[in-house]
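Subject: Structure for you to look at

Hi,

Here is the structure I promised. Please open it and keep it beside this email as you read.

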Amino acid sequence: MDKDIVRVEHLVKYYPVFGGVFRQEVNQVQAVDDVSFSIKEGETLGLVGESGCGKTTVGHTMLKLREPTSGSMIFDKRDIFALSGQELKTIRREIQIVFQDPYASLDPRLPVGESIAEGLKIHRVGTNQDRVDKVLEALKNVGLEDYHAHRYPHEFSGGQRQRIGIARALALNPRFIVLDEPVSALDVSIQAQVLNILNNLQEDYGLTYLFIAHNLAVVEHISDRVAVMYLGKIVELADREDLFDHPLHPYTQALMSAIPLPDPTKKRERIILSGDVPSPLNPPPGCRFHPRCPIAESRCAVDEPELRELAPGHTVACHFAERFMD
């Protein structure tokens, strides 16, 4: 893991809000506001935050499933946002996505084998027999059998459907996969199986992942580095061990305090945040976290903190993060 295969620079995604008699634009939902990060080849970057913080929008916009407002997404030295038509179609063989809801992402009228083969047909990969072989290989890689290719989505459990979603992403031999909360709808025991499959596939095929989730325990298990989002912005980014051992942003500390400890005799001091997450329609000035922050001062309501590196590979957007350094 020595070179960046993905580099997101100043990504912005606003949604217009229309109102009035003439349906004019009256406001904008600031879903993602100036997000930058990179992912090395063969690495897993975890992207975490509360529901509504913009993490899924980041994943979808990176792949141009949603048009970005501004910014760039560099994949292997090519800007995805600058591509269109055949160029974009060609590069999409190398970048895939696994959606949060495995049932909604599968066509209920098609056997799953045909759903998996759809991308191969679109990109005209091989002969019919080649495509059949690739579908069966993809199913085998996620722990399913050949006969499963002839069944329909409703005949599978949630965990099996998610495996099918992973198999479909694998069929085109991608290099980078966005995993949009791939285990959040699954039972805990099934979550572990799917996470192990993802780890094994990464080792076997050298895959690079962006793993989007709100479950920090899952993120700790699978990620090499972790980025924490709050209200459309990244507030902290660090190696997994560094972030979980020494969180420097008050929001990250509050998230960490909610993780259950495996030892029932030990207690963790909970940090209870006051108030609700502000609306992305009208985010607070200055630091977006300051209305709920336990250490906020008057400066925080005026000056927006920059994402700055306080330790090697550990960046944080907080005016007073030095207070938490050893």
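This is a predicted model: local features need pLDDT of at least 70, side-chain atom pairs count only at pLDDT 80 or more; totals for chains, interfaces and linings use all residues.

**Helix α3**

Start with α3, which covers residues 112-122. Its buried residues are V112, G113, S115, I116, A117, G119 and L120. An α-helix has 3.6 residues a turn, so residues three or four places apart point the same way. Keep that in mind as you look down the helix. What covers the buried residues of α3? Part of the cover comes from α4 (128-141) and α5 (158-170). Just past α3, look at R124: its phi is positive, at about 55°.

**S223**

Next, find the loop between α7 (216-222) and β9 (225-230); S223 sits there. Is S223 buried or exposed? S223 counts as buried because its relative accessible area is 0%, and the cut-off for buried is under 20%. Its side chain reaches the backbone nitrogen of G46 at 3.5 Å. Setting aside neighbours within four places in sequence, S223 contacts T44, L45, G46 and R240.

**R288**

Now go to the loop between α9 (250-257) and β11 (308-311), where you will find R288. R288 has a relative accessible area of 9%, so this residue is buried too. Which partners does its side chain have? One is the side chain of Q30, in a polar contact of 2.8 Å. Another is the backbone oxygen of L231, 2.7 Å from a polar atom of the R288 side chain.

**Aromatic rings**

How many aromatic pairs does the whole structure hold? The search finds four. Y230, Y251 and F289 form one aromatic cluster.

Two charged side chains sit over rings. K13 lies over the face of Y15, 4.8 Å from the ring centre. The charged end of R323 is over the ring of F320, at 4.5 Å from its centre.

**The cavity**

Rolling a probe the size of a water molecule over the atoms shows where empty space is left. Here, one cavity of 30 Å³ or more is counted. The largest cavity holds about 70 Å³ of space. Which residues line it? They are H249, C287, F289, C293, I295, C300, A317, C318, H319 and F320.

Best wishes

Technical notes: Residues are numbered from 1 along each chain as its sequence is written. Side-chain values use heavy atoms; hydrogens and water are left out. Buried means under 20% relative accessible area, exposed over 50%, partly exposed in between (1.4 Å probe, protein chains only). Helices (H or I, at least four residues) and strands (E, at least two) are DSSP runs, numbered from the N terminus. Contact means heavy atoms within 4.5 Å. Rings of Phe, Tyr and Trp (its six-membered ring) pair if their centres lie within 6.5 Å; planes under 30 degrees apart count as stacked, over 60 as edge-to-face and the rest as tilted. A charge sits over a ring if NZ of Lys or CZ of Arg is within 6 Å of the ring centre and within 35 degrees of the ring normal. A polar contact is a pair of N or O atoms within 3.5 Å; within protein, one must be able to donate a hydrogen and the other to accept it, and residues adjacent in sequence count only if both atoms are side-chain atoms. On a 1 Å grid over the protein atoms alone, a cavity is a set of points where a 1.4 Å probe fits but cannot get out, and a pocket is an open set with protein on both sides within 12 Å along at least five of seven lines; lining residues have an atom within 4 Å of a point. Grid points are joined across faces, edges and corners, and a volume is the space filled by probe spheres set on the points.
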